[in-house]
2 protein chains.
Amino acid sequence: MRVILAAGTTETALIDGISAAGAAPELMAQTPSADIEILEYGRPTVSPVTPVSPTGCPTPAAVTRAVREVVDFDLTVVDAGLARPTGSPTVDLSVPAGADVREPTAVPDASAVFERAREFGASLPDDEVVVGETVPGGTTTALGVLTALGEPAGVSSSLPENPLERKEAVVETALEASDLAPAACEDDPLGAIGAVGDPVQATVAGIAAGALDSGTDVTLGGGTQMVAIAAALRHAGVEDPLSIATTSFVAEDPSADLEATCDRLDCDLTVTDPGFRGREHVSMQRYCAGEAKEGVGMGGVLSLVDDGEMAAVRDRFEAVCARLGIGADGVDLESAAGSGHGADADADATAGADGGP
Amino acid sequence: MRVILAAGTTETALIDGISAAGAAPELMAQTPSADIEILEYGRPTVSPVTPVSPTGCPTPAAVTRAVREVVDFDLTVVDAGLARPTGSPTVDLSVPAGADVREPTAVPDASAVFERAREFGASLPDDEVVVGETVPGGTTTALGVLTALGEPAGVSSSLPENPLERKEAVVETALEASDLAPAACEDDPLGAIGAVGDPVQATVAGIAAGALDSGTDVTLGGGTQMVAIAAALRHAGVEDPLSIATTSFVAEDPSADLEATCDRLDCDLTVTDPGFRGREHVSMQRYCAGEAKEGVGMGGVLSLVDDGEMAAVRDRFEAVCARLGIGADGVDLESAAGSGHGADADADATAGADGGP
């Protein structure tokens, strides 16, 4: 079993009110680079930021890393438009960072990115892959693509209160900037991604399409961002079986309405509950309160955990949190401040699959 | 335990008589890219070549991969000057491919490469790392650096008959082109690497120095190329404990004289015999005949194998060979031909640590 993680950025994350990035733009640009260091090394190494919210909610990369310390799977990270250096190894598919969706073009050469990713996906020798992502601002670009495709699906958020009206307003502006009406890209999913999406979508869709072409089973590991990618694949005429594996936190989010959407897109849906409810650790409590919810392949890798191993995953999660400066009772502010974060109480660094709020 | 592999190229490998690259230059340029795909995926994926000699001797990457299928260790590949695309993830330290040592400069900005690698090495959270390499032509650049440092050590070869006189003639020309006498760089190891070395040396030396600085134990996994790097570190004033872990095939090579050299450089030496002797598989026989010998971290990862596990490593090695088109009796020529190799009976693709013959 191989888990493939596409890590990238979009300047959409910098839009005021869309995410805390207006207050801490460096954090948003750095988060995917830090996330993949956490996956590879267990903590950020080269990256100057530690993606932990002031309330003590770490990036979902911490959960994915915890699973990795318990369950045996291969992990391959693809650079899907990183904006900052990383000490983590990545597959280079020459994917540029994404522009603000309110520009006429959000993903330059989306079709070329898709094709390179498709070749990479087709080259994989695995029988089965889980594809995840990390891209701050990604639920807004997901809403953009779903709207351009004419899909009625809602999107989730990494914040307890989903700023959905703000996202809808951004998407409306974005479609206008690209001279598109809602549903205008029904038959042109790469047009939708190019106009109002992000480079991670083009990369994940390409990897999935290539892997399916070559007979590899594909699970999209993530929440509503993966719904947008599944929709893009279906609108591209991909008829192979597709699965989405996400967390209970996304599945419980009424704005996502995941089950009905998966039915409509003919996607299997797997929901995994990591068993954080009722635990005393502040980070688990934050996830249960609706922060972060999903991302960095979290739901995908949780689906690989046997029932008997989930307690070990929670133990490892606490250990990863400790490395990130989070004790059972909260963030070690000294350590968090040293991470280039924590000083700004509004910053939301729990970027990931449903990472842009 | 983390194994770090630095993969790169030098145009030195293209010198006629130094390696078979004169007959198959693409093969030499491609081999490190294919090697790291074998480590990551078990076989080449994007790379159009399969590094297997016409006699049925696969790249040492096949052994390293076999160990990886038995022993649990983290593997991180660093791009130390790759010349061709790869489907494998790599850490990007902006290391350019190396020039022919007979040019005035063999490694542009060797000091800057060393510094970037040192920062990366210092960032690693591990207690212990093994650092390996793959660079065709690497024993010639090793001889170059050893000569420029004034070290009397000999170098090994990936061929049963070491073309040592040819290498010495190239090094003589290389020193002249850089206006250097033997031993001229006694106090300037990065000057030696820059003038007559390769980018993988600058990268490995930097990673090792940075890791040692931050309290990480370092084992250099390889043969006489690692001797050159150990010598460079000692000449740079690094006094920390250093170990070299190599294969019995290098240790038995009289041109290497490894034990005395390690004594002089105050390096611990670990030699591991994979137990290929007496086996019927053609690839194991080729290793016992002195082909390949070492490379792609082979000796380093073999030192991580418990005695009771070596039989499992040999089993996995046979399985990896089968994936590369080598049956127990020899190369499947059809498959090898399809790999972009095998048609040229003189081509020697078993590049690696002692990869340039």
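Buried area is the accessible area, found with a 1.4 Å probe, that two parts lose on being put together, summed over both. Keep that idea in mind as we walk through this predicted model, in which local features need pLDDT of at least 70, side-chain atom pairs count only at pLDDT 80 or more, and totals for chains, interfaces and linings use all residues. Residues are numbered from 1 along each chain as its sequence is written, chains are lettered from A in the order in which they are written, and side-chain values use heavy atoms, with hydrogens and water left out.

Let us start where the chains meet. Chain A and chain B bury about 1,400 Å² between them, and carbon and sulfur atoms give 54% of this area. On the chain A side, Tyr41(A), Pro89(A) and Pro125(A) supply 31% of the area that chain A buries against chain B, more than any other three residues. In terms of contact (heavy atoms within 4.5 Å), 18 residues of chain A touch 18 residues of chain B.

Now look for charged partners. Two salt bridges cross the interface, where a salt bridge is a side-chain nitrogen of Lys or Arg within 4 Å of a carboxyl oxygen of Asp or Glu. Arg2(A) and Glu40(B) meet through their side chains in a salt bridge, at 3.5 Å from N to O.

Which parts of chain A face its partner? Helix 1 (25–41), strand 2 (74–79) and helix 3 (110–123) of chain A each supply at least two residues of the side that touches chain B. Strand 2 of chain A gives the largest share, three residues. Helices here are DSSP runs (H or I, at least four residues), as are strands (E, at least two), numbered from the N terminus.

Next come the open spaces. A pocket is found on a 1 Å grid over the protein atoms alone: it is an open set of points where a 1.4 Å probe fits, with protein on both sides within 12 Å along at least five of seven lines, and its lining residues have an atom within 4 Å of a point. The largest pocket has 37 lining residues, and Asp72(A), Phe73(A), Asp74(A), Leu75(A) and Arg68(B) lie nearest its centre. Helix 2 (61–68) and strand 2 of chain A each supply at least two lining residues, as do helix 1 (25–41), helix 2 (61–68) and strand 2 (74–79) of chain B.

The second largest pocket is lined by 31 residues, with Thr90(A), Val91(A), Asp92(A), Thr90(B) and Asp92(B) closest to its centre. Strand 3 (91–92) and helix 3 of chain A, along with helix 3 (110–123) of chain B, each supply at least two residues of this lining.
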